[in-house]
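I would ask you to keep the sequence and the structure in view while I speak.

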Amino acid sequence: MIFFVASMAIFAVSCNSKPDNPNTPEVSLNFVIYPNTIEFQELNAVGGWMYITAPLPSYGIIIYRYHVDEFRAYERMAPNEPYACPNNRLIVEMPFVVDTCLDYKYSILDGSIIEGTGYPLTQYFTQYDGTALRVYN
């Protein structure tokens with residue numbers, strides 16, 4: 001019984017891990033915003049998005065309101081060949097996130113790659129309590 005529980009725990013942890021992307025530097029994030037305020041009015045409705053400044057080496061964050069109580073946060077540095085073009089920042093062209101340098105497209109819903117090959121968007125964890133949205137890794 002103990003072996004079964006331990007095996008299931010290891011399996012669950014391994015399924016939730018995502019592969020490390022060697023192309024992008026490690027960024028340490030931990031900040032809070034209040035998406036229901038005027039300052040973040042673009043995030044007031046489901047489907048809303050906006051760019052947020054983040055400390056270097058990040059190129060910034062794309063925050064997307066996926067559901068009334070759920071958000072997605074993606075790194076704006078391109079996950080595939082991030083230094084191919086100077087200051088290569090990802091841009092939002094709904095319903096995609098686009099790498100204009102390589103003409104890659106990603107889904108804003110889950111960060112998966114739609115056009116091109118390689119890594120999905122770098123996604124950060126989010127935690128929302130109905131008032132404050134925490135973005136962290």
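I shall begin with the chain as a whole, continue with its strands, and end with one arginine.

Please bear in mind that this is a predicted model. The protein chain contains one helix and 10 strands. Of the 137 residues in the chain, 36% are buried. The chain exposes about 8,200 Å², and 59% of this area is supplied by carbon and sulfur atoms. If we take the contacts with a separation of 6 or more, 45% of them link residues 24 or more positions apart.

Let us turn to the open sheet. Four strands build it, in the order β5-β6-β7-β8, with antiparallel pairing. Why does one side of β5 and of β8 lack a neighbour in this sheet? β5, residues 91-93, and β8, residues 113-115, stand at the edges and have a single partner strand each, so one side of each remains without a neighbour. From one strand to the next, the twist averages 40 degrees.

Inside this order, strand β6 covers residues 96-99 and strand β7 covers residues 104-107. These two strands pair in the antiparallel sense over four bridges. As an example, D99 has Y104 in β7 as its bridge partner.

A further set of pairings involves β4, β9 and β10. Strand β9, residues 123-128, pairs with β4 in the antiparallel sense over two bridges. Here Y74 stands opposite Q123 of β9. β9 is also joined to strand β10, residues 133-136, by four bridges, and these two strands run antiparallel. Within that pairing, T126 has V135 in β10 as its bridge partner. β9 and β10 form a hairpin with four residues between the strands, and G130 in this hairpin takes a positive phi near 100 degrees.

Finally, I come to R76. Where does R76 lie? Its place is in the loop between β4, residues 70-75, and β5. Is R76 buried or exposed? R76 is buried, yet it has no salt bridge. The nearest side chain of opposite charge belongs to E75, 7.5 Å away, whereas a salt bridge requires the charged atoms to be within 4 Å. Which residues does R76 touch, leaving aside those up to four places away in sequence? They are Y51, Y59, G60, I61, I62, N88, R89, L90 and I91.

Thank you for your attention.

Definitions and conventions. Residues numbered from 1 in each chain as written. Predicted model: local features only at pLDDT ≥ 70, side-chain atom pairs only at ≥ 80, totals over all residues. Heavy atoms only, no water. Buried < 20%, exposed > 50% of the residue type's maximum accessible area, 1.4 Å probe, protein only. Contact = heavy atoms within 4.5 Å. Areas by Shrake-Rupley, 256 points an atom, 1.4 Å probe, with all protein chains shown as cover. Pairing = 2+ DSSP bridges. Axes fitted to C-alpha atoms, helices over the stretch in contact; angles between N-to-C directions. Lys, Arg positive; Asp, Glu negative; His and termini not counted.
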